[in-house]
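Student: I would like to learn how to read the backbone and packing features of a protein model. Could we go through them one by one, with the general idea before the case?

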Amino acid sequence: MDIKKIVSEMTLEEKASLCSGQTAWETKIVERLGVPSIFVADGPHGLRKQKAHSDHLGLHESVPATCFPTACATASSFDEDLIAEMGKAIAAECIAEDVSILLGPGTNIKRSPLCGRNFEYFSEDPYLSGKMSVAHINGVQKTGVGTSLKHYVANEQETLRMTISSEVDERTLREIYLAPFEEAVKEAKPTTIMCSYNKVNGVFASENEYLLTDILRNEWGFDGFVVSDWGAVNDRVDGLAAGLELEMPTSRGVNDAIIVEAVKSGKLDETVLDKAVERILNITFKTVVTAEQKEKYPLDLNKNDEIARRIAGQCIVLLKNEDSILPISKDKKVAFIGEFFERPRFQGGGSSNINPFKVTPAKELIGIFDNASYTKGFLIDDDDTDSKLLSDAVKHASENDVCVIFAGLPDRYESEGYDRTHMNLPANQIELIVEVAKTQPNTVVVLHNGSPIEMPWICNVKSVVEAYLGGQAAGAAVMDVLSGAVNPSGKLAETFPLRLQDNPSHLNFPGERDKVEYREGVFVGYRYYDKKEMPVLFPFGHGLSYTNFTYSDISVDKSDALDTDTINVSVKVKNTGKVAGKEIVQLYISSKMETVVRPIKELKGFKKISLSPGEEKTVLFTLGKRSFAFYDADRKEWRLDGGTYGILVGASSQDIRLCQDISVNPTVPIVRPITLNSTVMELMQDPKGAALIEKYKGSAPLENDGADNLSPKEEMFVAVLKEMPIRSLGMFSGMYITQEMLDKELG
Ligand code: GLC
């Protein structure tokens, strides 16, 4: 297809018209030139295609589809192959419905546990978020269906999302919020990027040239097109000029005319419009659904339901399992309590909300236990305790060997469009857990929530299973885990803090009227709790299994490396238990230097491995410069400081099993020129500078000859001198150093 030729034959009006939608979900056509329309549809964990009434909030019906586990669950699998398989399965449903682009994945960072859309995002960690995004995009795009990686960028809350400005310093923006997008653009090449509603440092994302062109295209090489979030365009002409190709939904011709007028008046160079149309057509022709795709990727909803169940089972996180109360043997008398048992919560509200063609409540599988029964215990749609339901549940629990409470956050507690204001379960559920646990020591809590909750009752119960929002088959997946048919292998992709107040964003979320300041900087999630040495309820990377794993024999292929080297790390992991299981082996890097303030450790590798009882495997990791680097905002580059770095391998961010220090140095050391405003210490650290001081110092007491030689006052004087600018040295020490001396001695 000769795209340039097609563009050259278009009228100005035709070109302008292609820069916005025809409807809520369809792009425009140019029939005389054979330009087709393509259909785009949400969402990250399943197809939400609307044939009749359209909306971007999941208010109206959509075609029946498979609701897969949401991102908060899938990220807990730490399994790229599994997520790619899910992407491919969703794509098959897109193809069947002639949908060319799936509007996902969402890869915003979980800055606060209160964000209403946390269920739709992967992690608090940028490395994990990036790898999960790559897997999802590759899974979808290998079928020829396109994706829309979103929401670019710094859209970590729902409060005032369409007008607020996210104020983020450059280093934080690069290391935390842009990093997952960078990884995905470079490794998976998403066909489109969806810009976010908010401003970033005062400029709407939909017209932010620095983000849309300087970084996304010029630095990262993005070659698809940028689509606005629905209604995110502020000034259409500024947006085009900045690098926003497609406005959605339709502007009903209003902005098309504005574009035409802008070109005619000279405000917008027509070559900018031509480039935008080229980019849109490139993707349009590439993603038009074909008969070959339909043949190659046939729709099988029942198979997709099985896939959804298997994926959900791999995402479930066993947070606590005292006395190995789980799995429950089938001959046990089991009391199931909680309305989620019959009415599972498996997805979140908003644009990602799927119309599942099938839902399997856990209750449907109650028969896998020989002697199990159910009482409601509480009503999901009410926060207040129903005393009859409560007393029946307590009695029911006390009459059985073990009690499993299905608890969680009701739909109204978290959704697109608004944020949570607290981290509590509904009061009636908290009361039920506490009261049941008083009479039934063998109490298990299964949670259905899209983001962390406080657990004041954690010591009252023996086991907690985090099922997150696990899709339409979540009920079955939970029963698979409770019965032992599936050995849980998920690990937390976010920290569960003890209290909301402990969270690093707490003082700056959701911000004031027109801005939210990301004042915690890079210290998001475990980066913060580690640095503050603050206890948490459950740490990032935590998750138990029905078996145990040991780690041994860490080794690196070089202990002294340059930033251009690849460093290979290997460790051995063994299943020392009695059942097969999967372990997520995590690798963190810890800089021992303090030239810049850095987190104690940062995730830079993970591998999920299956091990039979007694089996041992060697796990390999490959590290490169970016594994150790930080973003130097002054020098506008990723770089690393030479020195010692710890390689930490473990079962969670707080369960490090093996460590190995290595030295890594920059190929090109940073040389900071010595000027009269450099400190005396900097001069002393420079070999030529030290010689200069030696040559001219006279009686200046510069050297700290050892604490016993100097009095406390002399110690203080030396300390002050060392951090003094060279230009001031003379007046306090009699040793005058001039620019000429610096030029002569340092060259
Ligand atoms: C919504 C969401 C976005 C979604 C789009 C279309 O407002 O922010 O994630 O893809 O509109 O529904």
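Student: In what order do the six strands of the open sheet run, and what is the pairing?

Tutor: Two strands count as paired if DSSP finds at least two bridges between them, and the elements themselves are DSSP runs numbered from the N terminus, helices (H or I) having at least four residues and strands (E) at least two. Here six strands form an open sheet with mixed pairing, in the order E10-E16-E15-E14-E11-E13. The edge strands, each pairing on one side only, are E10 and E13 (371-375), and the twist from one strand to the next averages 15°. Please keep in mind that this is a predicted model, in which local features need pLDDT of at least 70 and side-chain atom pairs count only at pLDDT 80 or more, while totals for chains, interfaces and linings use all residues. Residues are numbered from 1 along each chain as its sequence is written, and side-chain values use heavy atoms, with hydrogens and water left out.

Student: In which sense do E15 and E16 pair, and over how many bridges?

Tutor: E15 (residues 443-448) and E16 (residues 463-466) pair in the parallel sense over four bridges, and Val444 stands opposite Ser463 in E16.

Student: Which strands does helix H13 touch where it packs on the sheet?

Tutor: Contact means heavy atoms within 4.5 Å, and angles run from 0 to 180 degrees between N-to-C directions, the axes being lines fitted to C-alpha atoms, for helices over the stretch in contact. Helix H13 (residues 387-398) touches E11, E13 and E14 (402-408), and its direction makes about 160° with that of E11. Helix H14 (residues 427-439) also packs on the sheet, touching E11, E14 and E15, with its direction at about 170° to that of E14.

Student: At what angle do helices H6 and H7 pack?

Tutor: Angles under 35 degrees count as roughly parallel, over 145 as roughly antiparallel, 65 to 115 as roughly perpendicular and the rest as oblique. H6 (residues 170-188) and H7 (residues 209-219) pack at about 55°, with their axes 12 Å apart, which means that H6 is oblique to H7. The contact is made by Glu170, Leu173, Arg174, Leu178 and Val185 of H6 together with Tyr210, Leu211, Ile215, Leu216 and Glu219 of H7.

Student: Which residues of H7 are buried?

Tutor: Buried means under 20% relative accessible area, exposed over 50%, and partly exposed in between, using a 1.4 Å probe and protein chains only. In H7 the buried residues are Leu211, Leu212, Thr213, Ile215, Leu216 and Arg217. H7 is followed by Gly221, whose phi is positive, near 80°.

Student: What should I look for in phi and in the peptide bonds?

Tutor: Most residues other than glycine have a negative phi, and most peptide bonds are trans. Ala154, although not a glycine, has a positive phi of about 60°; this residue lies in the loop between E4 and E5 and counts as buried at 1% relative accessibility. Ser324 is likewise not a glycine and has a positive phi of about 45°, but its place is in the loop between E10 (317-321) and E11 (333-337), and Ser324 is exposed, with a relative accessible area of 54%.
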